[in-house]
Amino acid sequence: MQVVLSEAKIRERIKELGRQISAEYKKAGVERLYVVGILRGGFIFLADLVRELEIPVEIDFVWASSYGEGTKTSGTVKIARDLEGDIQGRDVLIVEDIVDTGLTMTKMLEHLQSKNPKSLSICSLLHKPAREIKKVPIRFLGFTIEDQFVVGYGLDYKNLYREYREIVILPPENR
Ligand code: PRP
């Protein structure tokens, strides 16, 4: 499978993101960050990112799903499991593996904003602008990618390939 982003490249970019995020929040006087991971795809990125942050974090998850078993979004984003904690008045950073059509993140922003956080920002490892339906403000972005179906590093096809250390293109014959 063709590698789009190697393990080393991902690691290096996450270190940079960690430094940037820490610096910006510290500058804003934020002493503790409430990190919200979007399951399932975001769990590996979140695990690596939080270990590069230089401010204390609390970690929570929302389980969202729209792709089901296929390669195309169903268009309906379901929240299968909500946060455990209360984010009212907190500085919240959403951590996601990919913003593709933007439908998942739009739903997530509405959902989390309704809980009245002090601030709400997005960190996404990948952005695929070619398929954008809803524009979302990604404050911290790892990489912009072409319109190819990629898997690995948390991203799946039929819940497979998430454990790959790199991000690769899934050839049509594997779908
Ligand atoms: C994937 C990915 C994002 C979303 C992005 O999740 O993890 O959450 O799609 O796509 P969008 O911008 O077009 O909405 P998926 O619904 O496949 O569930 P998963 O995280 O369990 O893989």
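Predicted model: local features only at pLDDT ≥ 70, side-chain atom pairs only at ≥ 80, totals over all residues.
**Entry 1: tyrosine 153**

I then looked up where tyrosine 153 sits: the loop between β8 (150–151) and β9 (167–169). Its phi is positive, about 50°, although tyrosine 153 is not a glycine. I noted the background: most residues other than glycine have a negative phi.

**Entry 2: tyrosine 161**

I found tyrosine 161 in the loop between β8 and β9. Phi of tyrosine 161 is near 75°, again a positive value in a residue other than glycine. Is tyrosine 161 buried or exposed? Tyrosine 161 is buried, at a relative accessible area of 14%.

**Entry 3: a cis bond**

Next I checked the peptide bonds. Most peptide bonds are trans. The one from leucine 39 to arginine 40 is cis, and its omega is near 0°. I located arginine 40 in the loop between β2 and α2.

**Entry 4: helix α2**

I moved on to helix α2, which covers residues 43–50. Which of its residues are buried? I listed Ile44, Phe45, Leu46, Leu49 and Val50.

**Entry 5: threonine 106**

I picked threonine 106, which lies in helix α3 (residues 103–113). Threonine 106 has a relative accessible area of 15%, so I wrote it down as buried. What does threonine 106 contact, leaving aside neighbours within four places in sequence? I found Lys134 and Val136.

**Entry 6: the cores**

I recalled that nonpolar side chains tend to be buried together in soluble globular proteins. How many residues does the largest nonpolar core have here? It has 30. The residues with the most contacts inside this core are Ile21, Leu33, Phe45, Cys123, Leu126 and Ile167. Two or more residues each come from α1, β2, α2, β5, β6, β7 (140–144) and β9. There is also a second, separate core of 20 residues. Leu83, Val99, Ile122 and Val136 are among its members.

I followed up isoleucine 167, leaving out residues up to four places away in sequence. Its contacts include Gln2, Val3, Val4, Leu5 and Ile10. Isoleucine 167 also touches Leu125, Leu126, Val150 and Val151. Tyr153, where I started, is another residue that isoleucine 167 touches.

**Entry 7: the whole protein**

The protein has three helices and nine strands. From the N terminus on, I read their order as β-α-β-α-β-β-β-α-β-β-β-β.

Along the principal axes, the C-alpha atoms fill a box of roughly 50 × 35 × 25 Å.

I noted that 48% of the 175 residues count as buried. I then looked at contacts with a separation of 6 or more: 67% of them join residues 24 or more positions apart. The accessible surface is about 8,900 Å², and 47% of it belongs to carbon and sulfur atoms.

Last, I checked charges. I recorded 26 positive and 26 negative side chains. The centres of the two sets lie 1 Å apart.

Methods: Residues numbered from 1 in each chain as written. Heavy atoms only, no water. Helix = DSSP H or I, 4+ residues; strand = E, 2+ residues; numbered from the N terminus. Buried < 20%, exposed > 50% of the residue type's maximum accessible area, 1.4 Å probe, protein only. Contact = heavy atoms within 4.5 Å. Areas by Shrake-Rupley, 256 points an atom, 1.4 Å probe, with all protein chains shown as cover. Lys, Arg positive; Asp, Glu negative; His and termini not counted. Charge placed at Lys NZ, Arg CZ, Asp CG, Glu CD. Core = buried A, V, L, I, M, F, W, Y, C linked by side-chain atoms within 4.5 Å.
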